[in-house]
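I open my notebook on a protein structure today, and I want to write down with care what I looked up and how each term was meant.

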Amino acid sequence: MCFPRSRQCIHLCAIWRFVQSLVIVVKKVLTSIKGIIPLEQQGTPFPGTHKKSPLELNFLIKTQKQTLIMGSNDAYLLRENFRMIDADNSGIISPTELQRALGSHGLLFSLQTISLLIKQHSTRGTGTLDFSEYQSLNNFLSKTQSDFAKFDVNNDGKLGKAEVFKALTAAGFGDCDSIAIEEACKSFDPSRDNKIGAPEYMALVLFLTSARKVFEQFDVGKTNSVTLDMNQFIFAASRTR
């Protein structure tokens with residue numbers, strides 16, 4: 001038992017107060033470090049994040065220890081997201097792993113679309129993504145969904161016909177004929193209500209990007225016009241899927 005006038009007691013109390021202060025300082029330092037979110041502040045889901053672009057905390061991946069953010073340009077978070085998506089710890093992301101990760105956060109794509117998404121960003125031609133290829137994919141996801149959010153002026157999660165044309169023009173497809181774009185849009189509007197959500201818009205941009213790359217392979221003279229026989233047409237069409 002410590003008495004008020006005990007020198008030993010005074011020293012112990014001073015040490016205890018110092019330790020308490022040190023703990024408070026350490027907590028403040030840890031919670032200020034970029035990318036670390038205290039467990040007590042984590043929500044499930046985070047309010048309003050479903051309407052934010054990838055750069056604004058979209059595609060949340062929950063873990064027991066922390067919340068990681070897909071779509072962030074932060075190198076640490078990108079590496080951690082890659083590790084979490086790579087469920088079998090193989091060092092690469094397979095189509096099913098990517099489909100599961102995107103689908104769990106509202107981006108529902110068929111395996112065919114997922115495979116095309118990987119093909120567009122994989123330089124190894126293996127149908128999988130390593131970390132550098134995943135970074136390229138991340139940039140595409142961030143840019144495309146950011147564009148979608150920008151032109152979704154009424155925040156209803158859909159782009160109407162006029163909004164789609166504006167978004168595609170901003171995305172670099174303003175030189176395409178409006179009739180061709182309108183026909184392409186129909187393929188990504190199964191309900192035929194002239195509105196598409198974020199997954200459909202991203203798939204549309206992916207298709208147009210693929211179509212342009214294939215066209216440029218045949219348009220060696222840069223004339224913006226090509227002539228194809230049946231075999232070449234089949235080849236070209238298959239490369240856009």
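**Entry 1: ground rules.** I note that this is a predicted model, in which local features need pLDDT of at least 70 and side-chain atom pairs count only at pLDDT 80 or more, while totals for chains, interfaces and linings use all residues. Residues are numbered from 1 along each chain as its sequence is written, and side-chain values use heavy atoms, with hydrogens and water left out.

**Entry 2: the whole chain.** I looked up the elements and found 9 helices and 4 strands, where helices (H or I, at least four residues) and strands (E, at least two) are DSSP runs numbered from the N terminus. Along the sequence they follow the pattern α-β-β-α-α-α-α-β-α-α-β-α-α. Of the 241 residues, 34% count as buried, a word that means under 20% relative accessible area, with exposed being over 50% and partly exposed in between (1.4 Å probe, protein chains only). I also noted that 50% of the contacts with a separation of 6 or more are between residues 24 or more positions apart, contact meaning heavy atoms within 4.5 Å.

**Entry 3: helix H5.** Which residues does helix H5 cover? I read residues 131–151, with Phe 151 among them, and Phe 131 is found in helix H5 as well. Phe 131 counts as buried because its relative accessible area is 15%; leaving aside neighbours within four places in sequence, Phe 131 is in contact with Leu 78, Arg 79 and Phe 82. Phe 131 and Leu 78 are 53 residues apart in sequence, yet 8.7 Å apart in space, C-alpha to C-alpha.

From Phe 151 to Ala 170 I count 19 residues in sequence and 9.8 Å in space, C-alpha to C-alpha.

Is Thr 144 buried or exposed? Thr 144, also found in helix H5, is buried, because its relative accessible area is 4%. Beyond its neighbours within four places in sequence, Thr 144 is in contact with Tyr 201, Met 202 and Val 205.

**Entry 4: empty spaces.** I learned that rolling a probe the size of a water molecule over the atoms shows where empty space is left. On a 1 Å grid over the protein atoms alone, a cavity is a set of points where a 1.4 Å probe fits but cannot get out, a pocket is an open set with protein on both sides within 12 Å along at least five of seven lines, and lining residues have an atom within 4 Å of a point. The structure holds 1 cavity of 30 Å³ or more, and the largest cavity has a volume of about 40 Å³. Its lining residues include Phe 109, Thr 113, Phe 140 and Met 202. Helix H4 (111–121), H5 and H8 each supply at least two residues of this lining, and H8 gives the most, with 3 residues.

The largest pocket holds about 760 Å³ of space, and of its 24 lining residues, Cys 176, Leu 208, Ala 211, Arg 212 and Phe 215 lie nearest its centre. H8 gives the most to the lining of the largest pocket too, with 8 residues.

Conventions:
Grid points are joined across faces, edges and corners, and a volume is the space filled by probe spheres set on the points.
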